[in-house]
Amino acid sequence: MEVGLFERVGDSRIVRGLLLPFGELSRPNQSGTESIMFSADSISLPRDPSIITLNIGHDRFNPIGRAVALTKTARGVEADFAIAETDEGDAYLTGGFRKLSAEVADIIRRGAQAVQSRLTGAAAVPEGAFASAGLFALAEGEEITEVNDEPSETKEETTETFTDEQGVEHERKVTRVTRVDGETTTITETIVITEPEAPAEGEAEMPNATVPQTLLAGKIAAAEPEKLTAAMFAAAVAAAIRQPEQAETLLAALNDVKVSGTNQVGTAAIAPDYIGEIWSGIPFARRIIPLLLHGDLTSLRTIGWRWVVEPEVAEWAGNKANVPSNTPTTENAEWGIQRFAGGWDLAREFIDFGETEVVNSFLTAAAGSYAKKSDAWALAQLLAAATTSNVEDLPADVPPALVGIVDGALGIIANDARPSYALVNPADYRPLLFTKKSDVLEYLNLGLGLEDGDLSGFSIVPHTGVPEGEVVTGAREAAAVHELPGSPIRVNALDMVKGGVDEALFGYVQFRDYFKAGIRRVSLTPAGGGA
């Protein structure tokens with residue numbers, strides 16, 4: 001069993017752990033008392049384990065469960081806790097403290113050895129007074145070994161010197177024998193004080209004194225001396241210091257050092273964890289401009305022309321008959337540009353102190369804004385240039401958006417162009433996601449004239465900029481967007497008067513509607529108003 005490993009017992013809300021180890025010296029208590037060691041007979045367990053509440057950090061107002069089993073084993077007091085069906089209990093099971101800390105009252109001790117005590121509670125802590133106390137899980141098939149009831153005896157000897165009130169140095173030898181026999185613990189302590197070689201003249205002789213003290217079943221019984229001497233009095237005081245008759249309590253956790261509230265260390269002593277810019281969503285990627293032809297902008301003004309009536313041939317009878325003819329016409333086309341810009345006066349400290357991360361993130365966000373605004377502007381131009389129409393009807397069990405895409409594609413094909421994309425409002429796009437792929441392929445293959453099962457050259461893009469109840473279908477060659485190379489262009493300059501750095505971005509974009517018949521804006525409402 002690996003101590004400290006947190007694991008539930010099966011699929012239940014039961015966690016099992018070593019609550020109070022035997023034969024292990026603790027760290028100092030929260031109240032500052034010296035270290036202590038427990039044995040099987042020095043701790044009393046309640047008959048009803050449910051009286052033992054498990055809390056967080058010895059906070060009685062933060063309970064998370066109750067004990068369902070308390071067992072004395074060779075290792076110590078092992079406990080099973082049922083974690084409560086509460087939000088706090090759920091949070092603990094997903095990542096709570098791994099260490100256990102016993103709450104013990106009415107402690108009577110002999111030095112570091114606990115003689116009598118009573119278990120009153122338990123806590124989950126980040127680090128307890130006993131290094132081995134923690135949560136664990138029994139390996140499959142492993143059984144708990146009970147405490148051996150055979151008598152055991154340990155002996156401890158210490159030697160030290162002290163000076164009495166007359167300034168005479170004495171040597172004190174303390175022998176402590178601890179015998180555990182079933183439920184009875186007997187501790188015998190013998191103190192031998194060695195007198196100096198030459199006592200002062202006229203001073204009462206102080207022979208070596210032996211003061212036995214025996215504790216049976218947790219009760220102190222001191223042998224009464226026949227005659228009280230100064231040495232015996234000093235020994236009695238020393239014994240009283242080692243064995244207080246007043247019981248103490250133990251919350252087996254380390255001293256509480258807080259970061260806030262009473263007795264806090266203070267936030268000024270804690271270095272913050274700087275993580276830089278936090279995630280604010282996926283960087284904007286254009287969705288409209290990539291669907292159109294794209295080129296470089298070279299002038300503020302672009303002109304051209306297009307056919308209104310194209311030259312047209314017809315059947316000819318021959319044999320000196322008149323040759324067919326028509327009257328072709330043209331029109332001029334002209335396109336201007338759309339300007340985008342943004343400027344900011346940044347404190348020069350960002351530059352002087354090398355805060356390049358802030359400046360770079362600032363400019364990256366500004367460039368993303370240009371990409372978003374120019375893409376939305378291009379969509380507005382596309383909607384304005386499109387040829388409008390309505391669906392002929394809405395067949396049953398077919399998503400309206402799919403009908404609009406097909407009708408728009410057929411209109412483009414009728415004008416000798418090849419549709420390559422469709423734009424749909426997300427509300428109209430959603431029903432397409434629940435349509436069988438085979439059905440979508442069938443409708444689009446028939447409407448677009450694509451090879452069976454191949455839609456790699458056609459894109460259906462959901463976009464909130466398209467009005468709900470409409471579909472835009474287009475041929476890539478029907479429109480184009482040109483931008484000044486490098487857009488957006490970064491420009492910066494020093495503001496000497498205010499001690500700042502002026503940063504600005506400039507972008508130039510142009511929309512060209514070459515062939516309006518190749519851009520179809522289809523309303524999903526039939527022209528006659530019927531389904």
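This is a predicted model: local features need pLDDT of at least 70, side-chain atom pairs count only at pLDDT 80 or more; totals for chains, interfaces and linings use all residues.
Residues are numbered from 1 along each chain as its sequence is written, and side-chain values use heavy atoms, with hydrogens and water left out.

**Whole chain.** Select everything. The chain holds 7 helices and 25 strands. Helices (H or I, at least four residues) and strands (E, at least two) are DSSP runs, numbered from the N terminus. Of the 531 residues, 37% are buried. Buried means under 20% relative accessible area, exposed over 50%, and partly exposed in between (1.4 Å probe, protein chains only).

**Strand β6.** Now select residues 113-125. Here 10 of the 13 residues are buried, so strand β6 is largely enclosed by the rest of the structure.

**Strand β5.** Two strands pair if DSSP finds at least two bridges between them. Click on leucine 100: opposite it in β6 stands alanine 124.

**The turn.** Go to glycine 111. The hairpin of β5 and β6 has 2 residues between the strands, and glycine 111 takes a positive phi near 60° there.

**Strand β2.** Next, select residues 53-56. In which sense does strand β2 pair with β6? The pairing is parallel, over 3 bridges. Pick leucine 54 and look across to alanine 122, its bridge partner in β6.
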